[in-house]
Structure formats: C-alpha cells, structure tokens
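Keep the model open beside you as you read.

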Amino acid sequence: MSSGRGGGRRGMTKVRLDISMSLDGFVAGPDPTLEDPLGRGGEDLHQWAFKLAAWRGPHGLQGGEVNASSEIVEAGLQSQGAVVMGRRMYSGGAGPWSDDPNADGWWGDEPPFHAPVFVVTHHEREPLELNGGTTFHFVTDGVGAAIARAREAAGDRDVLIAGGADVAQQALRDGLLDELQINVAPLFLGDGTKLFGDGAHGTLEPVRVVDTPDVTHLTYRVRA
C-alpha cells in the first residue's frame with residue numbers, strides 16, 4: 001500500500017468516503033433545521049438505502065429489501081473499524097455544547113455505528129459511550145487528527161468518513177482519503193451543500209460502477 005499519504009498507511013487500512021449525492025452535486029438540500037437536518041429534499045438522497053435490509057438492521061428496524069445495493073452496504077459495514085464525521089453531521093449544532101439542543105446526537109441510546117466515532121468540533125467534551133459498541137470522541141485539533149485517531153482505533157479495518165461535505169473536502173484536499181464511494185441519486189436538489197468545493201483537486205482512478213434503478217454507486221481510488 002502507499003506510504004506517503006495521511007501520515008503513512010498501516011496494514012490494509014483504508015480511509016474511505018461513503019456519501020450520497022444528487023445529480024447536480026449536492027449532499028444536502030437548502031435550509032437545514034433540527035426537524036429537517038438534510039434540508040429541503042435532502043432526505044430523498046438516501047431513499048435507496050432506507051429500504052434495504054442491510055441498512056435497516058443496524059438501525060434496529062425489521063424487514064427490508066435485498067438488491068444490487070445490498071452487497072455494497074454490507075461490505076462497507078463489515079470493513080468499518082472507526083468513523084469520522086463533522087459536528088453538524090453529529091448534532092446539527094455549531095456552538096458550545098451547553099447551547100446545543102441535540103448535544104447527544106441524532107441516533108438515541110444505540111447508534112448504528114457499532115464502532116468508535118470521532119467528531120470534528122471546536123468545542124471540547126468528554127467521550128460519550130453509548131450502547132451497541134459506539135463511543136463518540138470529540139476532536140478539537142482538526143480533521144487530520146481525527147483521522148489519525150480513527151486509524152489507531154480501527155486496527156486493520158477501514159476508517160469511514162461519513163460526512164459532511166466540509167470534512168470530506170478537507171480530507172481530500174489534505175491527501176488523507178484513499179477511496180471515494182459516491183452514491184448518485186437520480187434527482188436534482190438545485191441548491192444546498194455541495195460535495196466538492198471550488199478548491200477540489202487531485203486525480204481519481206475509477207474502480208467500480210454499480211447501476212440500479214434507485215442509485216448509481218461510483219467508486220474511485222485516490223491516486224497518490
């Protein structure tokens with residue numbers, strides 16, 4: 001494996017982004033709120049996943065479909081050893097924790113990650129240990145530090161960059177990503193949060209395309 005990127009690779013660990021995006025490049029719609037954290041129309045980006053048994057099971061839900069997307073979701077979950085996300089993905093907040101009405105996150109007492117989660121934030125906080133193997137760690141010294149800690153926690157499994165766009169952009173810009181999986185939903189949002197900012201750069205190598213009626217899964221390897 002390559003050794004110069006992201007402070008060096010250990011074993012077979014990959015740092016990968018897995019995110020859903022509209023055809024016009026948005027990962028969330030406009031005007032997000034606590035009641036509608038993905039903004040207007042943003043939840044529609046994930047309808048392909050909500051129906052899958054592979055997604056519903058880790059979220060404590062019964063039933064669901066098995067289709068061409070199932071293997072992709074299952075493989076991602078099996079390889080996942082740690083997760084990195086931004087503060088807004090965690091709670092929707094931005095200021096001091098005492099002012100955040102959603103300070104314990106969106107997922108209740110048993111989040112679906114079942115792994116250590118490193119939340120990039122400007123505000124210090126003690127780790128939050130919940131049921132099912134998920135502990136949230138709050139990292140105040142940047143995306144790179146969060147990824148480094150996630151690597152240590154993941155062992156020989158992968159680090160998932162779960163979002164949002166700002167964390168993904170920083171990881172890509174700083175050469176910390178190994179693989180991108182972009183799940184393109186067949187819809188336009190027109191406005192909102194773009195996955196790639198104006199400063200996006202680098203070279204990607206196509207790895208796989210899986211096309212379904214609900215979503216097209218595009219996997220790219222990031223060239224060093």
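Lys51 counts as partly exposed, at 30% relative accessibility; here buried means under 20% relative accessible area, exposed over 50%, and partly exposed in between, with a 1.4 Å probe and protein chains only. Its salt-bridge partner is Asp214, and the closest N and O atoms of the two lie 3.4 Å apart. By salt bridge we mean a side-chain nitrogen of Lys or Arg within 4 Å of a carboxyl oxygen of Asp or Glu. This pair links distant parts of the chain, 163 residues apart: Lys51 sits in the loop between helix 1 (47-50) and helix 2 (53-56), while Asp214 sits in the loop between strand 10 (204-211) and strand 11 (216-222). Helices (H or I, at least four residues) and strands (E, at least two) are DSSP runs, numbered from the N terminus. Asp214 is partly exposed too, with a relative accessible area of 30%.

A quick word on the model: it is predicted, so local features need pLDDT of at least 70 and side-chain atom pairs count only at pLDDT 80 or more, whereas totals for chains, interfaces and linings use all residues. Residues are numbered from 1 along each chain as its sequence is written, and side-chain values use heavy atoms, leaving out hydrogens and water.

Now turn to Glu205, which is partly exposed at 28% relative accessible area. Glu205 forms a salt bridge with Arg223, the closest N and O atoms being 3.8 Å apart. Arg223 lies in the segment after strand 11 and Glu205 in strand 10, 18 residues apart. Salt bridges with shared partners join Glu205, Arg221 and Arg223 into one network.
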